[in-house]
Amino acid sequence: MKCRILHESSGRIRIHILRSRMTLAQADLLEYYLKDLSFVTQVKVYDRTGDAVIRYRKKEDGRRLVIEALSRFFYEDEYAKSLVPEQTGRALNRAYEQKLFRLIAVKLIRRICFPYDWKRIWTIGNGVKFILQGLRCLRKGKLEVSVLDATAITASMLQKDFNTAASVMFLLELGELLEEWTHKKSVDDLARTMSLNVEKVWVQTPSKEEILTDIKAVKLGDRIVLRSSNLIPLDGRLVEGVASVNQASMTGESVPVMKQPGGYVYAGTVVEDGYCVVEVMKTAGTGKYDRIVKMIEESEKLKSDTETRAYHLADSLVPYSLAGTALTYLVTRNINQALSFLMVDFSCALKLSMPLAVMSAMREAGQYNITVKGGKFLEAMAEAKTVVFDKTGTLTYAMPTVERIIPFGGNDETECLRVAACLEEHFPHSMANAVVNEAKKRHVEHDEMHEQVSYVVAHGIASKVDGKKVVIGSRHFVFEDEGCVIPEGEEEKLSGLNGEFSYLYLAVDGILAAVICIADPVRAEAKEVIAGLHELGIQKVCMLTGDNQKTAEAVADKIGLDEYLAEVLPEDKAAYIKKEQAADRKVIMIGDGVNDTLALSEADVGIAVSDGAMIAREISDVTVSDVDLHQLIVLRKVSMRLKERIDSNYRFIISFNALLILLGVLGILPPSSSALLHNSSTIITGLKSMTSLLEEKDERKRS
């Protein structure tokens, strides 16, 4: 691709693509291609101008790598096309940008070009819909904002003040458009977060053999094998096994549904527990995104409590505004003074500024690779006092490695690795991936040689190999739950293991066969981030892990945790969060695994790492990339400053408009001046709500 460098600074470059026009699809293609590069930290492509702003890692000679990547890029690249999700949000934003432009353009053209009589006819015609809305509300026995709007518009037109009536209607339409845009964007972000990211599936052959297959090669009628924690990638019918399926993303059901042979399962749902074989009824690309959007389109969870209170306040003030209008007229017999209550409509500013502030905050969080599924979670994030971390893949890097394999009972090290990898490859998790990768590194083949595999969440895996029962997992699972024993005379060998590593225990026929030592280094930024959270008002930072006591203690001491619990089960994590909530502390939970899902759903804000288990992402309220824990600091700051902005807007709107009403009632301001000042303050508040919450130079993490 040919392009020209327009500007560059340390770690940042702005380019212009040398072509006459860039389509939305081409902009998405370039953006997702660049985002996929490991040395690129952030990308923004502007399709209107054909420009792209790229941030890169300086330590990796990022500038040279970016230029080389741009030179290799072309729009017909199939790999680049595969990176672009079904929906990106660009088309949605463009559609609403155009609606907003048309609304403002029509207003300006009408004001400048239309003769007075035409303006009056248009205002009367446009006012009919607002008046009808008010009448419908009255017919239901309610006094809400639509009644006040209808009264203000009617009164203005009866006074022949058509400019004021037109301005009120314009602001109402603008507020409704921005509110709809906010809602649609929230739904769109949530739906894209739930989009599938499955490349391969286990396909069962007629001979019952399982083959790892590219999902694009799966055909109608093929049978795919699914186990606990697996995402169901395609619609289908169960033909074998029983599974508990979390299908909240499709139906909104919070309780998992038990599926038996003959039952139908949907793409995008998750197997919480069990084993099943599904006959594919629909192949990839059958509209999962549209089904998700339909399910969550009316979801009230997208609004924060502050937004809801503001909307309710606007409605609750309506009777007082109408009563004030009547009382002022009875006392003064001056219609202009009475109209002061109607010309100043609290709902205009509230409905304009609140959704704008939330939309702007969610967009700003998205610039840091943070996806927030609703405004209420930003509010809870700002108010939280306790942060709970899982360890593996969260406080530690998501790519642990096998350092040593210690065989017991005279077992062969390579054979133990073969058996372990054979079982672990069915359950994608960072620890399991470490075992599988080690087998690949050592060129150890591990073809299917076991019977049906069962997975016990947060414990381990059990199966049979050559008629012998094999278990692999935590110490608690192997020795306590399964009752396995240590080979005679090797007790000291086991007790000599220190807290340097995390351990997986492999036992065959009830006897310990090997201990797999896994190095899981703590993230370099963890200590700094925990200190930063304390500075931002977090009172307690805790780690809950299923790992052993020694390893947990070593991590806690290294990064400065306030508290930690080791060898905990999923229900223990959820219980801890409930205990904190009972002490009137809102809780943030950060995790990435199947064993974190109970805690993520229980917390006031559940944050999942984007490369973690699909069920964790499904249940979470926020997803962050696993690049840097500093994103938690960014999210906390965005949330706190959003709350400050909403509260500030709230106080300003109430106090300023109350002052306008007072001045109008006292006869100091005529209705037209009140309306002008009210409308101007509404626009200013809306524009202020769209400004950045964070200072880029202070918040952006440079490499």
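Student: Where is K208 found?

Tutor: K208 is found in the loop between β5 (200-204) and β6 (210-214), where strands (E, at least two residues) and helices (H or I, at least four) are DSSP runs numbered from the N terminus. This is a predicted model, in which local features need pLDDT of at least 70 and side-chain atom pairs count only at pLDDT 80 or more, while totals for chains, interfaces and linings use all residues. Residues are numbered from 1 along each chain as its sequence is written, and side-chain values use heavy atoms, with hydrogens and water left out.

Student: What makes the phi of K208 worth a remark?

Tutor: Most residues other than glycine have a negative phi. K208 is not a glycine, and yet its phi is positive, at about 75°. E567, which is not a glycine either, has a positive phi of about 55°, and E567 lies in the loop between β21 (563-565) and α23 (570-582).

Student: Why does E567 count as partly exposed?

Tutor: Buried means under 20% relative accessible area and exposed means over 50%, with partly exposed in between (1.4 Å probe, protein chains only). E567 has 46% relative accessibility, so it counts as partly exposed. In the protein chain, buried residues make up 53% of the 703 residues.

Student: Why are α17 and α18 called oblique to each other?

Tutor: The axes of α17 (residues 413-424) and α18 (residues 430-441) come within 9 Å and cross at roughly 130°; axes are lines fitted to C-alpha atoms, for helices over the stretch in contact, and angles run from 0 to 180 degrees between N-to-C directions. Angles under 35 degrees count as roughly parallel, over 145 as roughly antiparallel, 65 to 115 as roughly perpendicular and the rest as oblique, and α17 and α18 are therefore oblique. Their contact (heavy atoms within 4.5 Å) is made by L417, A420, A421 and E424 of α17 and A432, V435, V436, E438 and A439 of α18.

Student: What makes a set of residues a nonpolar core?

Tutor: The set must consist of buried Ala, Val, Leu, Ile, Met, Phe, Trp, Tyr and Cys residues joined through side-chain atoms within 4.5 Å. The largest such core here has 57 residues, and those with the most contacts inside it are I370, F389, L395, I588 and I607. Helix α26 (residues 630-665) gives the most to this core, with 10 residues.

Student: Which residues is L395 in contact with, leaving aside its neighbours within four places in sequence?

Tutor: With those neighbours left aside, the contacts of L395 include F389, V522, I530, M543 and L629.
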